[in-house]
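Subject: Structure handover

Hello,

Here is the structure for you to take over. Please open it first, then read the notes below.

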Amino acid sequence: MSQRVQIPVYLDFNATTPVDIRVFDAMQPYFVELFGNAASSSHGFGIQAREAVDTARQQVARLIGTTPSEIVWTSGSTESINLAVKGAADAHQAKGRHIITQATEHKAVLDCCKILSNQGFDVTFLPTDGEGLVSADDVVGAIRPDTILCSIMWANNEIGTVQPIREIALACRARGVLFHTDATQAAGKLPVNVVEDSIDLLSLSGHKMYGPKGTGILYVRKGTKLTCQLDGGGHEGGFRSGTLNVPGIIGVGAACDLSRRLMATESPRLAALRDKLEQELVLGLGEVTVNGSRENRLPHVTNLSFAGVNGLELLPSITDEVAVSSGSACTSASMEASYVLKALGRSEELAYASIRFSLGRKTTEAEIDFVIEKITGVIQMLRARHGAALAQAT
Ligand code: PLP
């Protein structure tokens, strides 16, 4: 079986995806031949680039159900989130200085909120339930007369839990609170329609959906006021200055177009492979916890905690053959357990002993079979070693 599998097997598509060859082909002419400045040149080179950027804008708009004029090009979700959160806070502070978010957001949102709280904004960090979910009622309970913004991610990068975005967004709209969602992991994987879902601001990133790194967009609903975070030539309707990254933009557009067309077949295929992986590890090994919601989650993600192993030994025993990650972060002096898993109520020990598997467009059944065999062997070996170490210590 292993002959058909190229090692290491990559199951870390939530960290980043390869550029799809169709996306790469679409981008290629815009590096050397069609290199014009899309925003500022009135000659043929500029016009050609501008027309291509317009097409890309339409492709992105179509994926998320909006109009091209509401798409702002950025360098990725981190920048989009900074523009949305800091830009909205600054532009609306005359109305109030209260912001709502939740505990398992990506650091891009959490850190923006922390900076804003250092500047005198009051931020409510809602806790989640044991599956990583917040509800519209939780959000409504936190809204105050001075609340200006609520930022809740669509889908979590570590555990894949999908929030009830439409209900939360509707509750915010009804109370005059701007709603931003970090859709970095959801866009291209789940149906998104910013109009039907009542969303004011939405961030997405090219490199999570088979587009190039360093590319992204912020959807800004028509009429939404934001203070720009990059001053300069007033590009992108004044929301984001800087010469447009034309090849990157063509790449995001092509990636959005592909994802929109492939989603209906890709998502169920990956869900079936993910379920096989999860079921065989859970049933085969025992004492395995599935982290996050099993009902409301991304189709290609499972996050598992393995009891009875020393978590520090887990990833080093696997990553030569299976490229996966855990939410634990290495700081200079030590390992820090995943704040997302801790927010769900996992112990530090179990949080260390956790792996996120995220499948992608190229994942095959043979790879999943290989990974099941490999992980089973490693966990059995680590459990035996951990048991022996405990026995020796007593
Ligand atoms: N938000 C989420 C949920 C993410 O997973 C990531 C990247 O891991 C980001 C934001 C940041 O995206 P980017 O790498 O495009 O800046």
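Tryptophan 73 sits in strand E2. Strands (E, at least two residues) and helices (H or I, at least four residues) are DSSP runs, numbered from the N terminus. The model is predicted: local features need pLDDT of at least 70, side-chain atom pairs count only at pLDDT 80 or more, and totals for chains, interfaces and linings use all residues. Residues are numbered from 1 along each chain as its sequence is written, and side-chain values use heavy atoms, with hydrogens and water left out.

Back to tryptophan 73. This residue is buried, with a relative accessible area of 2%. Buried means under 20% relative accessible area, exposed means over 50%, and partly exposed lies in between (1.4 Å probe, protein chains only). Leaving aside neighbours within four places in sequence, tryptophan 73 has contacts that include Val53, Ala56, Arg57, Ile217, Arg240 and Leu244. Contact means heavy atoms within 4.5 Å. Leucine 218 is 145 residues away along the chain, yet the C-alpha atoms of tryptophan 73 and leucine 218 are separated by 6.6 Å.

Now the sheet. Seven strands make up an open sheet with mixed pairing, in the order E2-E8-E7-E6-E5-E3-E4. Two strands pair if DSSP finds at least two bridges between them. Strands E2 (71-74) and E4 (122-126) are at the edges; each has a single partner strand, so one side of each is left without a neighbour in the sheet. From one strand to the next, the twist averages 20 degrees.

Inside the sheet, E3 (residues 98-102) and E5 (residues 147-151) run parallel, joined by three bridges. Isoleucine 99 has leucine 149 in E5 as its bridge partner. Helix H7 (residues 165-174) packs on the sheet, where H7 touches E5 and E6 (178-182). The direction of H7 makes about 155 degrees with that of E6. Axes here are lines fitted to C-alpha atoms, for helices over the stretch in contact, and angles run from 0 to 180 degrees between N-to-C directions.

There is a ligand too. It is surrounded by 13 residues; the closest are Thr78, Asp182, Gln185, Ser205 and Lys208. A residue counts as near if one of its heavy atoms lies within 4 Å. Helix H4 (residues 77-92) gives the most to this shell, with three residues.

- Serine 77: a backbone N or O atom lies 2.9 Å from a ligand oxygen atom.
- Aspartate 182: a polar side-chain atom lies 2.6 Å from a ligand nitrogen atom.
- Glutamine 185: a side-chain N or O atom is 2.8 Å from a ligand oxygen atom.

Taken alone, the ligand exposes 400 Å², and the protein buries 86% of that. Accessible areas come from the Shrake-Rupley method with a 1.4 Å probe.

Last, some backbone details. The peptide bond from isoleucine 7 to proline 8 is cis, with omega near 0 degrees. Proline 8 belongs to the segment before strand E1 (9-10).

Tyrosine 210 is not a glycine, but has a positive phi of about 70 degrees. Tyrosine 210 lies in the loop between E7 (201-205) and E8 (216-220), and is buried at 4% relative accessibility. Glutamate 287 also is not a glycine, and has a positive phi of about 50 degrees. Glutamate 287 lies in the loop between helix H8 (246-285) and strand E9 (288-290). At 62% relative accessibility, glutamate 287 is exposed.

Best wishes

Note on methods
Polar contact = N/O pair within 3.5 Å; in protein donor to acceptor, adjacent residues only side chain to side chain.
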